[in-house]
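Open the structure in your viewer and keep the selection tool at hand. This tour goes stop by stop, telling you what to select and what is there.

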Amino acid sequence: MPRKPTVIVMGFMGQSPYAGVAWQALHYLEGLRRLGYDVYYAEDTEAWPYDPEQDAVSASCRYTVRYLGRLMAWCGLAGRWSYRNPADGSLHGLSPAALARLFERAGALVNVTGITVLQERHMRVPARLYVESDPFLAQAEVASGVEAMAGLLDAHTHWFTFGENIGRPGCGIPLTRFNFQPTRQPVVTDWWRQPEGAHADGGGPFTTITSWKQTGKDVRWRGETYLWSKHLELLKFIELPRRAREPLELALATRDAEALRMIRSHGWRVENAYALSGDIHPYRAYVQASRGEFTVAKDQYVRPRTGWFSDRSACFLAAGRPVVTQDTGFGEVLPTGKGLFPFRTMEDILAAFEAIRADYPAHCRAAAEIAEEYFAAEKVIAHMMARAGV
């Protein structure tokens with residue numbers, strides 16, 4: 001068989017050194033490796049590194065380089081990564097000469113989340129895949145004439161989106177000259193299987209891991225404002241712990257003491273997401289120890305019926321934990337009603353909890369089966385790469 005080409009995964013694991021960001025990129029790296037591609041990781045954004053030990057953005061990338069080195073060694077790709085510190089232009093990992101040769105011989109680059117604004121040095125790679133995890137905003141900006149977004153997309157040769165309903169009836173994602181094709185988060189499912197001796201009855205609460213407020217990405221489209229911050233959707237269901245028979249916990253990344261008091265006053269347990277997310281292993285253990293996931297989605301995904309599905313929720317499914325999540329229209333492409341439940345109303349949530357409680361082991365099995373069938377990294381990535389001709 002012909003040898004598969006070199007593929008460079010571009011992301012922001014070092015820029016944002018939190019487990020959720022790391023797992024997203026690691027799934028792409030490992031999935032490509034298992035498919036036989038010669039895979040490397042390169043980080044080349046314009047954002048200065050963040051050092052969580054100092055809780056500050058810094059010109060120094062010492063923490064970032066150590067962190068990336070550990071991650072890449074863990075996944076078997078030691079010596080196959082590069083980080084450019086935008087504060088001073090210094091390169092770490094691969095030498096400048098080795099990195100230049102890598103971009104010369106690579107057959108494709110995968111711009112995970114579209115975080116990297118491609119420069120001339122990246123344009124030597126013939127297939128440049130933009131993989132968008134946050135649908136709607138880019139399409140609305142292009143349709144509204146935002147040249148910066150159009151320019152960012154123009155630097156790529158293929159475009160993929162987690163908005164899986166794009167082009168379907170009822171989906172409000174604007175169609176543009178960029179031929180976005182649906183994809184979803186790949187998950188290396190065996191990384192998430194329950195460890196020996198795990199509680200088969202899901203002894204923990206229903207939980208999720210999230211930040212509280214997100215700012216700066218509200219978008220106007222056809223006279224309406226589509227909101228970015230997830231907390232606005234959670235507030236619609238803030239009374240849930242008072243009505244549900246299930247314990248509910250939020251692992252929150254926030255230092256807003258007033259918000260934390262308010263959330264707890266409504267009966268939610270609260271865990272510190274920063275403590276869980278500093279390393280990939282506590283994050284995964286937290287997911288595995290849960291009873292399942294309850295979560296909401298951003299207005300930008302919900303109202304336009306994008307079909308978006310969370311990369312974190314896919315990990316819960318792979319861990320054999322049922323997911324109850326806000327309806328974005330993903331039922332058009334994923335099976336629901338067993339292991340996975342979309343909701344629009346409080347009554348939908350309560351009914352989902354009752355169904356799961358009635359036969360918890362069956363819903364755990366169904367969750368794992370959905371992950372294997374629909375999110376397995378080898379399947380998702382092979383489909384995407386085939387459509388890109390790589």
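Predicted model: local features only at pLDDT ≥ 70, side-chain atom pairs only at ≥ 80, totals over all residues.

**Stop 1: the largest pocket**

Begin with the open space. Select Phe12, Val21, Asp134, Trp228 and Lys298, which lie nearest the centre of the largest pocket. In total, 40 residues line this pocket. Several elements give two or more residues each to that lining: α1 (19–34), β8 (127–132), α4 (137–143), α5 (147–154), β11, α9 (273–277) and α12. How much space lies in the largest pocket? About 1500 Å³. Colour the lining by class, and you get 17 nonpolar, 14 polar and nine charged residues.

**Stop 2: the second largest pocket**

Move to the second largest pocket, which holds about 180 Å³ of space. Select Asp44, Leu91, Leu99, Phe103 and Arg121; of the 14 lining residues, these are the closest to its centre. Next, show β2 (38–43), β5 (81–84) and α3 (96–105), the elements that give two or more residues to the lining. Which of the elements supplies the largest share of this lining? The answer is α3, with four residues. By class, the lining of the second largest pocket has seven nonpolar, two polar and five charged residues.

**Stop 3: the largest cavity**

Rolling a probe the size of a water molecule over the atoms shows where empty space is left. Across the whole structure, a search finds three cavities of 30 Å³ or more. The largest cavity has a volume of about 60 Å³.

Select its lining: Thr208, Thr210, Ser211, Trp212, Lys230, His231, Leu234, Leu250, Phe294, Thr295 and Val296. The largest share, three residues, is from β11. By class, the lining of this cavity counts five nonpolar, five polar and one charged residues.

**Stop 4**

Select Asp218, in the loop between β11 and β12 (219–221). Leaving aside neighbours within four places in sequence, show its contacts: Thr225, Tyr226, Leu227, Trp228, Ser229 and Gln300. Zoom in on Trp228. Its backbone nitrogen lies 2.9 Å from a polar atom of the Asp218 side chain. Then pick Ser229, eleven residues from Asp218 along the chain; the two C-alpha atoms are separated by 8.0 Å.

**Stop 4: Glu246 and two arginines**

Go to Glu246, in the loop between α7 (240–243) and β14 (248–253). At 7% relative accessibility, under the 20% limit, Glu246 counts as buried. Not counting residues up to four places away in sequence, Glu246 touches Phe206, Arg291, Phe353 and Arg357. Draw two distances here. The side chains of Glu246 and Arg291 make a polar contact of 3.2 Å. Another polar contact, of 3.0 Å, joins the side chains of Glu246 and Arg357.

**Stop 5: helix α14**

Select residues 360–375, which form helix α14.

Now highlight the buried residues of α14: Tyr360, Ala362, His363, Cys364, Ala366, Ala367, Ile370, Ala371 and Phe375. An α-helix has 3.6 residues a turn, so residues three or four places apart point the same way. Show what the buried residues of α14 pack against: α12 (311–318), β18 (340–343), α13 (346–358) and α15 (377–387).

**Stop 6: two glutamines**

Finish with two loop residues. Gln15 sits in the loop between β1 (6–10) and α1. With 18% relative accessibility, Gln15 counts as buried. Beyond its neighbours within four places in sequence, Gln15 is in contact with Glu43, Thr45, Ala47, Tyr50 and Ile115.

Gln54 lies in the loop between β3 (50–51) and β4 (56–57). At 56% relative accessibility, Gln54 counts as exposed.

Notes
Residues numbered from 1 in each chain as written. Heavy atoms only, no water. Expected span 1.5 Å × (residues − 1). Buried < 20%, exposed > 50% of the residue type's maximum accessible area, 1.4 Å probe, protein only. Contact = heavy atoms within 4.5 Å. Polar contact = N/O pair within 3.5 Å; in protein donor to acceptor, adjacent residues only side chain to side chain. 1 Å grid on protein atoms, 1.4 Å probe; cavity = no way out; pocket = protein on both sides within 12 Å on 5 of 7 lines; lining within 4 Å. Points joined across faces, edges and corners; volume = space filled by probe spheres on them. Nonpolar A, V, L, I, M, F, W, Y, C, P; charged D, E, K, R; others polar.
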